[in-house]
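Trainee: I've just opened this one and I'm new to it. Could you walk me through it?

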Amino acid sequence: MAQALQVTFHGISRSEAVEQAISKALDSLVKFNHNLGPCHATITQEGHQTMGAFTVRVTIVASGKDIVVSRTNNDVMLAINEVFDTLSRAVGDAAEKRRNY
């Protein structure tokens, strides 16, 4: 499991639902790599508090390397899902490469 999860919000109020969605998605990455390192997620909303797209950027250490994925969407939950879909492929690929060496 990841050693630590840090979630930072910019231009948007802290959201328990967003933090829980990120935590749940991070827990699902464990099936690809049991030795994940620290994870930092940044949620940024461009423009005014109630308008504008959300950018979700996640940095995680997997197999000794930083993996950084960022996605922008008008729906913050869709952006989170897109980021973690990409991360799951990247973490799985990194674990596969490590097993083959």
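Mentor: Let's start with a term: pLDDT is the predictor's confidence in each residue, from 0 to 100. This is a predicted model, where local features need pLDDT of at least 70 and side-chain atom pairs count only at 80 or more, while totals for chains, interfaces and linings use all residues. Residues are numbered from 1 along each chain as its sequence is written, and side-chain values use heavy atoms, with hydrogens and water left out.

Trainee: Which element has the highest mean pLDDT?

Mentor: For the protein overall the mean is 86, and 89% of its residues reach 70 or more. Elements here are DSSP runs numbered from the N terminus: helices (H or I, at least four residues) and strands (E, at least two). Helix 2 (residues 76–100) has the lowest mean, 85, and the highest, 95, belongs to strand 2 (residues 39–45).

Trainee: Why do the buried residues of helix 1 line one face?

Mentor: Buried means under 20% relative accessible area, exposed over 50%, and partly exposed in between (1.4 Å probe, protein chains only). In helix 1 (residues 16–28), the buried ones are Val 18, Glu 19, Ile 22, Ala 25 and Leu 26. Seen down the helix axis, taking directions from the axis to the C-beta atoms, these residues line one face because they fall within an arc of 130°.

Trainee: And Ser 23, is that buried, partly exposed or exposed?

Mentor: Ser 23 sits in helix 1 too. Its relative accessible area is 29%, so Ser 23 counts as partly exposed.

Trainee: Which residues is Val 56 in contact with, leaving aside neighbours within four places in sequence?

Mentor: Contact means heavy atoms within 4.5 Å. With those neighbours set aside, Val 56 is in contact with Thr 42, Ile 43, Val 69, Ser 70, Arg 71, Val 76, Ala 79, Ile 80 and Val 83.

Terms used
The expected span of a helix is 1.5 Å times one less than its number of residues.
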